Amino acid sequence: MFIERIKEKMDEKGYCQASLARKVGLTPAGLSHLLKGETKTMRLSTAFKLADVLGIDVNELRRNES
C-alpha cells in the first residue's frame, strides 16, 4: 500500500514527519492523517510533491487495493 511506501522512503531519506510535511507543503497534522490512513484521498499535486521529494515515481503512491 502507498502508506508503507511513503514510510519506507521517509526512513531511507531520513525524513521525520514534520520535515517531510514542510517539504511538500502539508501541515504535520495533515501528513500524520495521511500516514494513518485517515485521509481517503490525496490531491494530485501532493502526490507529485511527495514522489519528487522521496525520489520515487508518482505511480508508486497509487493505492493498491488488490
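Accessible areas here come from the Shrake-Rupley method with a 1.4 Å probe.

Reader: What is the accessible surface of the protein, and what share belongs to carbon and sulfur atoms?
Author: This is a predicted model. Its accessible surface comes to about 4300 Å². The share that belongs to carbon and sulfur atoms is 49%.

Reader: What is the mean pLDDT of the protein?
Author: Of the residues, 92% reach 70 or more. For the protein, the mean pLDDT is 89.

Reader: In what order do the elements run from the N terminus on?
Author: The protein has zero strands. Its helices number four. From the N terminus on, the order is α-α-α-α.

Reader: What is the radius of gyration of the protein, and what does the globule rule give?
Author: The C-alpha atoms fill a box of roughly 30 × 20 × 20 Å along the principal axes. For 66 residues the globule rule gives 11 Å. The protein is close to that, so it is as compact as a globular protein of that length. Its radius of gyration is 11 Å.

Reader: What percentage of the contacts with a separation of 6 or more join residues 24 or more positions apart?
Author: Contact means heavy atoms within 4.5 Å. Counting contacts with a separation of 6 or more, residues 24 or more positions apart account for 53%.

Reader: How far apart are the end C-alpha atoms of α1?
Author: α1 has 12 residues. At 1.5 Å a residue, they should span 16 Å. The model agrees: the end C-alpha atoms are apart by 16 Å.

Reader: Is Lys 9 buried or exposed?
Author: Lys 9 is found in helix α1. Leaving aside neighbours within four places in sequence, Lys 9 is in contact with Leu 54 and Ile 56. Its relative accessible area is 10%. Buried means under 20%, so Lys 9 is buried.

Reader: Which residue follows α1?
Author: The phi of this residue is positive, near 80°. The residue is Gly 14.

How values were computed: Residues are numbered from 1 along each chain as its sequence is written. This is a predicted model: local features need pLDDT of at least 70, side-chain atom pairs count only at pLDDT 80 or more; totals for chains, interfaces and linings use all residues. Side-chain values use heavy atoms; hydrogens and water are left out. pLDDT is the predictor's confidence in each residue, from 0 to 100. Helices (H or I, at least four residues) and strands (E, at least two) are DSSP runs, numbered from the N terminus. The expected span of a helix is 1.5 Å times one less than its number of residues. The radius of gyration is taken over C-alpha atoms; the globule rule is 2.2 Å times the number of residues to the power 0.38. Buried means under 20% relative accessible area, exposed over 50%, partly exposed in between (1.4 Å probe, protein chains only).
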